[in-house]
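Hi,

Here is the structure I promised to pass on. Have a look at it first, and then read my notes below.

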Amino acid sequence: MRSERNELIMQQDNLSRSLVLPENEFMRTKELKQTGQKLAETISVGHSEFLTLENELCELDYKNRQSANKKIMQHAQIGFRSLNRTCNAATSIFEAVQKIGFRVDRFGICLDWSMGYPKEFRKGKPKGTGLILDADEDFIKVANSAPVAPHFGDFVIGMPAAVENTKAALQAGSTSIGNLGQYFTFELPGWTDDVQTTESSIIAISLAAAQKVPILIHSNIDDGFASRFTDLASALGSVLLEKYIVDELLDGSVSHCYGHTFSQSLSRFAFQRALQSVTSTPGTMIYGNTTAFSENDAANYAVLAAYLQVDIQAQMFKPSGHAINPVPITEAKRIPTVEEIIDAQIFCGKLIEKSTDYCAMTNSQPADDISNRLIEGAKRFKNDVLVGLSDIGIDVTDALELMLSLRRIGAKTLEQKFGPGDLDTKAPNRHKPIEPSPVLKEISDLAKKAAEKVSLEELTTFSASNLKILTATTDIHEYGKRLLEEILGSIGLEIIDGGVSTNAKKLAEDALHTDAIFLSTYNGIALDFLERLNEELDKKECKVPIFIGGKLNQVPSSSNSDLPVDITNELADKGAIVCPNVEDFYAPLAKIAREKCQKKNSTSPLV
């Protein structure tokens, strides 16, 4: 849920310290760093099967060795709720891929987003479909289930539970911990203390920075500001800001990931080259372009091969230490099975093997031209942000003040005020992008294609109805919400922003003067959220219809397998209008529009 302070900041023409940091007095970063350094006296990197096998002290050293030897690394993501299932999967995947002659270098461990709450606050909180580790021993078990680099990428640093989770990850032998990008954009439902989240994150980064070996402070920029900027130069600028915070202010080593939303080959290739030029620390991984996956398996294989080939060539041309991530083609529909993860890894290994001479056929100059423009714009963006915040009294040499300010101001306002492109009042964020974000074009293309399926009769009905649609997400993923809003806007409907990671009570309040709620969901909490929303709407005697779409699965409370199941029928039984595909909302919404028009006509006074 976007906080009231964020809303207020977005509505102001001019920023001020009192608006951004009204508390005015905070614990100084120096004290927080000292707390983390003190913890490092008793918390250190534990035994790692991976580091022992590779005879390395940390993953950073391993990445540098592999890059120097022009070895392309592979990353696999495992996303099961069950600890035993996750450990068995890690072992099976490593062994099966190794048997074919390839290597999985690192595993991304999908912690459930409820792990972001401090342990004492987790009871009673909604859960997603990811892994929940209740004890330090659980971290150790999963991290050493195979001789592969364990990557605790999400819901550790950047969350309220950053300190306790970072301690556990380090003791489990992990030397790659994140996700700093989430700090700037994710808000756990019901958690409003962003000062505590910032303090906890700084202590955690300082704990990692004080270790005897370098720890990669992972940041997935697609989970941070990058997916919300309209300009890739701004996205690269956010990398420079994070590098300034972690490397210069907190003495750490930030390592970046990207890829979810980079659907255009040239800009994906160019961004890797720009990122490699402005950073000295090897990257964590390049994530798969998951937003391009569809329900069609055959088409998904083409998507998989297309983005992997770009990433392979990028690493061959200009090694950046990123492992590449072959996402199983089923991920758009459900959590992939172990066999599907193995297939994707073998596919990737064979593609690397067959692509060693492609560089001779590739002209990198067009990508270099874009890369150079991105670098120039990114440096300007970083400088303008720091100068602009300093001018309003923010101490940009203090990590806490700077991090909290960036989080509260948000991506949209930052780009509106400091975007590196030329001013353009007609552009979405008031600046002409130096290189347009591919996610915006992708959403626009999908919205245009979907809007073409609206019938003329439906379009006429929508136009006459003056419907007000409240859009929101149950969790932190907003891709579906943005797609919906573009479609709704294109067919002439009024949109009311219900926020990202919203809570049921706030959404029910916003719904009082709307005609329908459009709810996008991803992380396996749809049914629980719908039940709470129905309760809040009942309290207000509000009968607004609820449309819901996205990844409609959930782990049943009575489950013995800890695997999510489809809950489409359960959602419908609770009164929701379920939309597995985005265009499924047209007919039921048109019916609501007709009823509103008829009601309006029946109550209109005679002329």
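**Helix pairs**

Let's start with helix 7 (residues 136–143) and helix 8 (residues 162–171), which pack at about 45° with their axes 8 Å apart. Before going on, some background: this is a predicted model, where local features need pLDDT of at least 70 and side-chain atom pairs count only at pLDDT 80 or more, while totals for chains, interfaces and linings use all residues. Residues are numbered from 1 along each chain as its sequence is written, and side-chain values use heavy atoms, with hydrogens and water left out.

Helices (H or I, at least four residues) and strands (E, at least two) are DSSP runs, numbered from the N terminus. Axes are lines fitted to C-alpha atoms, for helices over the stretch in contact, and angles run from 0 to 180 degrees between N-to-C directions.

Helix 7 and helix 8 are therefore oblique to each other (under 35 degrees is roughly parallel, over 145 roughly antiparallel, 65 to 115 roughly perpendicular, and the rest oblique). Their crossing is right-handed, meaning that the near helix is turned clockwise from the far one by less than a right angle. Asp-136, Phe-139 and Ile-140 of helix 7 make the contact with Asn-165, Ala-168, Ala-169 and Gln-171 of helix 8; contact means heavy atoms within 4.5 Å. Sorted by class, that is four nonpolar, two polar and one charged residues (Ala, Val, Leu, Ile, Met, Phe, Trp, Tyr, Cys and Pro count as nonpolar, Asp, Glu, Lys and Arg as charged, and the others, Gly among them, as polar).

Next come helix 13 (residues 297–317) and helix 14 (residues 338–353), whose axes come within 10 Å and cross at roughly 50°. That makes helix 13 oblique to helix 14, and this crossing is right-handed too. On the helix 13 side, the residues involved include Tyr-301, Leu-304 and Met-316, and they face a set in helix 14 that includes Phe-347 and Leu-351. This contact has 10 nonpolar, one polar and no charged residues.

Five strands form an open sheet in the order 10-9-11-12-15, with parallel pairing (two strands pair if DSSP finds at least two bridges between them). Strand 10 (494–497) and strand 15 stand at the edges with a single partner strand each, so one side of each has no neighbour in the sheet. Helix 19 (residues 479–490) packs on the sheet, touching strand 9, strand 10 and strand 11, and its direction makes about 165° with that of strand 9.

Strand 9 (residues 468–473) pairs with strand 10 over four bridges, and Leu-470 stands opposite Ile-496 there. Five bridges join strand 11 (residues 516–521) to strand 12, where Phe-547 is the bridge partner of Phe-518. On to strand 15 (residues 577–578): two bridges link it to strand 12, and Phe-547 has Ile-577 as its partner there. Strand 12 (residues 546–550) has four of its five residues buried, so it is largely enclosed by the rest of the structure (buried means under 20% relative accessible area, exposed over 50%, partly exposed in between, with a 1.4 Å probe and protein chains only).

Most residues other than glycine have a negative phi, and most peptide bonds are trans. Asn-24, in the loop between helix 2 (17–20) and helix 3 (29–39), has a positive phi of about 70°. Arg-430 also has a positive phi of about 70°. A cis peptide bond joins Gly-178 and Asn-179, with omega about 20°.
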